[in-house]
Amino acid sequence: MKYNITCIPGDGIGPEIVAEAKKVLEVTGRKFGHEFAFTDILMGGASIDVHGVPLTDEAIETAKAADAVLMGSIGGDTNTSPWYKLEPSKRPEAGLLKIRKALGLFANLRPAFLYDELSSACVLKKEICDRGIDLIIVRELTGGLYFGERKTYEENGIRTAVDTLKYDESEIRRIAIRAFEIAGKRRKKITSVDKANVLDSSRLWRAVVNEVAKDYPDVTVEHMLVDNCAMQLVKDPSQFDVILTENMFGDILSDEASMITGSIGMLSSASLNETGFGLYEPSHGSAPDIAGKNIANPIATILSAAMMLRFSLNLQKEADAIEAAVKTTLTEGVRTKDIAAAGEETVSCSKMGDIIASHI
Ligand code: IPM
Ligand code: MG
C-alpha cells in the first residue's frame, strides 16, 4: 500500500533528524511491502526565508491531503536569529501554532520514560530513578492562552499587554476523553493538573474532568495543582501514569518530564485530531547550537515515525519493528553524544540512522 507523508524538516537540526527518520521508514516500507511517498513542506524559519511567512496556505493544504505529517523541529536562537525581529505573528513558532489549529490537532501526547539502557542519564537521585519513570502527558493543544485573544497597547501612557485564557466545556471534554481512553490501556491512573485554587478556567476543567470520569469507573482520577505537579515530577515521577492538562501547563510540564529522564533526544510525540490524523514530532526543539554538525540524536524523530505508523496508519507490526530496532541499537551500546556516558564512544546522527535501519 502507498502512504503519503508530508514532512516538515524545519529549522536547526530538523532536516538532519527527519532525513534519518525517512531512511528508517523507507527500509521498513521495503521490508513490509509498503511505499511511503514523502512530500516536504516549509515551516518556521525555513518558510520565512523563502516566503516571508512561517507557513503558507499551500503548505497547509499539502499537509491536509496527506495520510500523516512528520515534523523535525522549528525555530532558531531567540536572542540572535533575525526571525525574532519580525512581528510575533510572522515568527517561526506562529507556523506551528497555525498548523495545529488548521489541522484540528487538539490532543498532544508526550510520553516520558526512562530507558533501562540509559538509566545512568537520569538526572535525579539514584533511589528516585530506580523507581522508574513511565508517564505520558496528554496536553490540550489548540485552546487556552496560546490561542486566546491578545494585544499590546498603552493605557494612560503605560505599556500594557493582555493574553486571554479561555476554555469551553467541549474543548475540555474531548481531551479528557482521550486521556481516559489512554489511561485505560496503561496503569489506569489520571492526574489532572490545573490551577483551580486561582483560575476559573481550571475550576471548569476540574468539573468537566470529573464528569467524564464517571464513564471510566476503572480509571482512578486525582487532581493536582500545577505548581505542586512541577515539584512532584522531580520528587517522585514514578507516581504518574497519565498527566492530563491544558495547553500552557502541558508545554511547561512536558519539558520538565522529558528532561528528568535525561534523554530528551529519545522522546517522541503525537498531535492528533478527532479522526486519528496526526502530526508527529520529537519532543525536543531545533537545537540551533548543534545544527548542521551531524551530531544530533535522530531517535526521537525515528520513534515519532513509529508512533505515526501506529496511530495514524494502523501499521502495528511495522511500528513494533522500528521500536525494536531502536532498542537493539541501544542494547549494542550505540550512542549519540547527548546520551553517551562520559568517555563512551559516540556516533553521528546519520550513522545512528544507518544502524537503526540495518536492524529493521
Ligand atoms: C512545544 C513548543 C511550542 C509550544 C512552541 C514552539 C510554540 O514549545 O511544542 O512544546 O509551546 O507548543
Ligand atoms: Mg514546549
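This report covers the domains, pockets, cavity and cysteines of one predicted protein model.

The model is predicted, so local features need pLDDT of at least 70 and side-chain atom pairs count only at pLDDT 80 or more, while totals for chains, interfaces and linings use all residues. Residues are numbered from 1 along each chain as its sequence is written, chains are lettered from A and ligands numbered from 1 in the order in which they are written, and side-chain values use heavy atoms, with hydrogens and water left out.

## Two domains

The protein is divided into domain 1 (1-111 + 267-360) and domain 2 (123-260). These bounds come from an automatic or database domain assignment. Taken over C-alpha atoms, the centres of the two domains are separated by 24 Å. Where they meet, 15 residues of domain 1 are in contact with 17 residues of domain 2. Contact here means heavy atoms within 4.5 Å.

## Empty space

Rolling a probe the size of a water molecule over the atoms shows where empty space is left. The search uses a 1 Å grid over the protein atoms alone. A cavity is a set of points where a 1.4 Å probe fits but cannot get out. A pocket is an open set with protein on both sides within 12 Å along at least five of seven lines. Lining residues have an atom within 4 Å of a point. Grid points are joined across faces, edges and corners, and a volume is the space filled by probe spheres set on the points.

The table gives the volume and the classes of lining residue for each space. Ala, Val, Leu, Ile, Met, Phe, Trp, Tyr, Cys and Pro count as nonpolar, Asp, Glu, Lys and Arg as charged, and the others, Gly among them, as polar.

| Space | Volume | Lining residues by class |
|---|---|---|
| Largest pocket | about 1000 Å³ | 19 nonpolar, 12 polar, 12 charged |
| Second largest pocket | about 630 Å³ | 13 nonpolar, one polar, eight charged |
| Largest cavity | about 60 Å³ | six nonpolar, two polar, two charged |

## The largest pocket

Where does the largest pocket lie? Domain 1 and domain 2 both give residues to its lining, so the largest pocket lies between them. The lining has 43 residues. D255, S283, H284, G285 and S286 lie nearest the centre.

Helices (H or I, at least four residues) and strands (E, at least two) are DSSP runs, numbered from the N terminus. At least two lining residues come from each of β3 (68-73), α4 (92-102), α9 (247-260) and β12 (278-282). α9 gives the most, with five residues.

## The second largest pocket

The second largest pocket, at about 630 Å³, is lined by 22 residues. The closest to its centre are P111, I136, M307, R310 and F311. Several elements give two or more residues to this lining, including β4 (107-113), β5 (134-140) and α10 (299-311). Which element gives the most? It is α10, with four residues. Both domains contribute to the lining of the second largest pocket, so this pocket too lies between them.

## The cavity

The count comes to one cavity of 30 Å³ or more. The largest cavity is lined by L165, Y167, V193, D194, L199, S201, S202, W205, E246 and F249. The largest share, three residues, comes from α7.

## Cysteines

A disulfide is a pair of cysteine sulfur atoms within 2.5 Å. The structure holds one disulfide. C122 is joined to C129, with an S to S distance of 2.4 Å. Is this disulfide left-handed or right-handed? The torsion about the S-S bond is about -85 degrees, so the disulfide is left-handed.

Buried means under 20% relative accessible area, exposed over 50%, and partly exposed in between (1.4 Å probe, protein chains only). C122 and C129 are both buried. C7 is in no disulfide, and the nearest cysteine sulfur, that of C349, is 14 Å away. C7 is buried, with a relative accessible area of 0%. C229 is in no disulfide either, and the nearest cysteine sulfur, that of C122, is 16 Å away. C229 is buried, with a relative accessible area of 0%.

## One loop residue

A287 is found in the loop between β12 and α10. A287 counts as partly exposed, at 23% relative accessibility. A287 and T28 are 259 residues apart along the chain, and their C-alpha atoms are separated by 28 Å.
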